[in-house]
Amino acid sequence: MSAQSSNKQHPMQLKPLSFAISLAMLALTQAAQAQQATTAETSDGKLNEVVVSANKRIEKLEHVPMAISVLGDATLQRNNVREIADVINLSPALSITYGSTPANNGINMRGIGTTSIGIGVEADVAVIIDDIPMGMQVKAFQDLTDISRIEILKGPQSTLFGKSAIAGAVNIVTKPISGPLAGSASTLYTSDGEWRFGLTYGGEVSEKFGFRLSASDNRFPGNVNNLTDGSKVNGSGGKTFMAKLSWHPTDNIDVDFSPRYNSTVTSCCVLALTSLTPAQGGLLSNIAQLPATTLLNGIRIGPDNTDVRNDTLTGQTSTSRGAGLKFTYNFADGSSLTSISSLDRYYANDTRDQDFVDVPTLLYYPLANGKPAGVNAGYTQYGTFDVKSQTQELRYTSNDKNSLRYVLGYWYGKNSIERHFIRGYNGIALTTPIQYFTDTYNVNSAVFGQATWDFAKNFSLLAGLRYNRETSGYRFSVGAPPPGAYVQTDYFSSLDNTENSTTGKLSLQHQVNNNLMVYAMGSTGYKGLAYDLTSGLNAATAAQQPVKSETAKTFEIGLKGNFLDNRLTLNVAAFNSRFSDYQQNSGGYLPGTTTYVTRLNSVGGVQTRGVEMDVSALVTRDLILNGSIAYTDATITEFPNAPCYNVAGSPNGGFNAECQLKSAQYGGQNVQDLAGARMPNAPKIKANIGGQYDLRFSNLPFDAFITGSVRYQSDVITNLNQDPTLAVSAISVTNIGFGIRDKMNKYKLSFFVNNLFDRHYANTGFTGVGSWSSKAPNPVLTVTNTTWTPARDAFRYFGVRLDAKF
């Protein structure tokens, strides 16, 4: 089944397409006498030099002794990258763990990444934009605007980037202020209703002052049909505004101010039924007034079903406001002293249709006394996030002229997160109603340093060290949900927990010749104490707070080379990383309910090892290819008290056969030993290849190009419990495109087809949506069901894009 566009068309949806065609005609008219220009990836028949700031100084990629993948402007444009999910599609080192709401999504590096529905657990992969880290990883899923390059730093990066980079970091660099005043505009429209518009303008007004302004507006209605109101869901949209203001009061002083704003709306993570057995579906929660034949009316249940019935938004609305201020003093010898300050506020409202139907189920759900509640509402959950972040970094960077190059710095960061959460209605027997207010904070101070010493001809030694002190804590107030005023029924807290840590990095690199470098590198990582701040918090689990801090050790060897007169670049790395006391959530539906609950685990040991390769090749003057592949074996090495998962009809107490029921060794909990099991959302093989072929026309005012890409990901398990029903099969997606551009590269018109072969695939899959039974009253017979959440490009779609410079 192919994706279907909504029958409701709004006039505004046609504007980007009309605008694209109009600008295309203008481009062809004005380009008649233009001269040929080089592309952003090549010049003079060679690949352009790639630079990175992974060591907090600008260096050539091939001189940095660590595994880094770089997505440059040309690659980002060619693949229509809009958000971090698009970046992850292009990087074999990255994957996503999708949660039940956008706030629960997490980024994994080499198969490692913490995912939690609570606010008391930091991510394993740091996301940094222009030297400023994001205080909560959910912000990384906002729109990316005006990006110059994205550096994917693999393995522990705690020495320079702090404790939230224990598995790696995604370093995003926006475009600089340069040249005379100029602007660019971009618009995109697709057959399934997505449209984007972006505008950038700026440059150097004088020797003392420059600016750059960028704004974007993006809308994708979604690829799931909500039959309740005829809308599309499982989509997203947002507005972003960014500014850069640069002032050079003297020859030695640079002042940069960068405010930014984002507003995002997502209708993400809806679950569409793919099977229901028996097909009649029985009754919701075994209540005679809630038959599946009525509640699921019109839904075409099957493997490719894209219909749901929801009377409450499943998704999130958010706003983010922040600014960075950077002062740099440049010494006469080429060294510099830099101060970077930032303030940021992120606020979000999230909601979820928890009964997955569009009728007021609380009319029929019984109270504790067995009588129907009679509440004219559905079963929902909703809440708010309020995240405040501030950072301060002060660093001294030596010049590049001597055999010893180094950076020394001080770091301060403070995050405070408040969460208000409500689920259900007080007194309902067939739900787990709850309301809580919680907040958590962490304050970090660190000193760090890293130096590279060219101690012999063609040999360099890099050493780094970071000492970090963290103070953290939480408060948790729980009470009954509405109706009525909030009345606290319990309270837990753990305040001012302090822990010190030291992390480091050591590497040896050898420049074999002018074109080949080999290296060996070891590093350690640290992530602070965690708190399991979810609806399951009680006196017993509060007594176990905080959860242990997480540590990592990694060893890596690799090579980086330029060959064939800089027409071929090759980066290869082999790695082995071990994590101790790994923090990870697992979850499942409570038996007999529609409530999905999680538990924060401290996994004794986790290991990831594998091989990665990035290749760029200028095959001919007109054909460039970029490819990358990774083999990653991410496994659990020690987890004897892992949670079990439910198996319908299982003789082992309703759990999987490996489950040890009410184990006395682990406090009467049902547990299983997961030593040797796979890490969730960690594909063993992930690959991507893409490229562009240019067609040059000497007798026409424009040239043409053809683009294409193929990506592959092997199957994954999506849950720490190893529930096989939560697996996602291997996927392979092919995209193609073509277009024209004038010879000065001022205008470019592109047409593309994504998911050419219409390979349907899911971001995630679940079982047990709803609590269906085959008859009432008792006995209750099991009804099995499965669902999926279609990926953005789970269905073939077509698009057109226009880029213009002025």
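## Close-up views of a predicted model

View 1. Strand S35 and strand S36 (residues 669-672) run antiparallel and are joined by two bridges, where a strand is a DSSP run (E) of at least two residues, a helix is a DSSP run (H or I) of at least four residues, and both are numbered from the N terminus. Two strands are said to pair if DSSP finds at least two bridges between them. Within this pairing, Gln 660 stands opposite Val 671 in S36. Three strands make up the open sheet, in the order S34-S36-S35 with antiparallel pairing. Strand S34 (642-643) and strand S35 (660-663) are the edge strands, each of which pairs on one side only. This is a predicted model, in which local features need pLDDT of at least 70 and side-chain atom pairs count only at pLDDT 80 or more, while totals for chains, interfaces and linings use all residues. Residues are numbered from 1 along each chain as its sequence is written, and side-chain values use heavy atoms, with hydrogens and water left out.

**View 2. The salt bridge of Lys 163 and Glu 122.** The side chains of these two residues meet at 2.0 Å, N to O, a salt bridge being a side-chain nitrogen of Lys or Arg within 4 Å of a carboxyl oxygen of Asp or Glu. Lys 163 lies in the loop between helix H4 (158-161) and strand S11 (168-174), whereas Glu 122 lies in the loop between strand S7 (106-109) and strand S8 (125-129), so that the pair links distant parts of the chain, 41 residues apart. Lys 163 has 8% relative accessibility and counts as buried, where buried means under 20% relative accessible area, exposed over 50%, and partly exposed in between (1.4 Å probe, protein chains only).

**View 3. The salt bridge of Arg 300 and Asp 307.** The closest N and O atoms of this pair are 2.8 Å apart. Arg 300 is partly exposed, with a relative accessible area of 44%, while Asp 307 is buried, with a relative accessible area of 3%.

**View 4. The salt bridge of Arg 711 and Asp 793.** Here the closest N and O atoms are 3.0 Å apart. Arg 711 lies in strand S38 (residues 702-713) and Asp 793 in the loop between strand S45 (784-790) and strand S46 (797-805), so the pair ties together parts that are 82 residues apart in sequence. Both Arg 711 and Asp 793 are buried.
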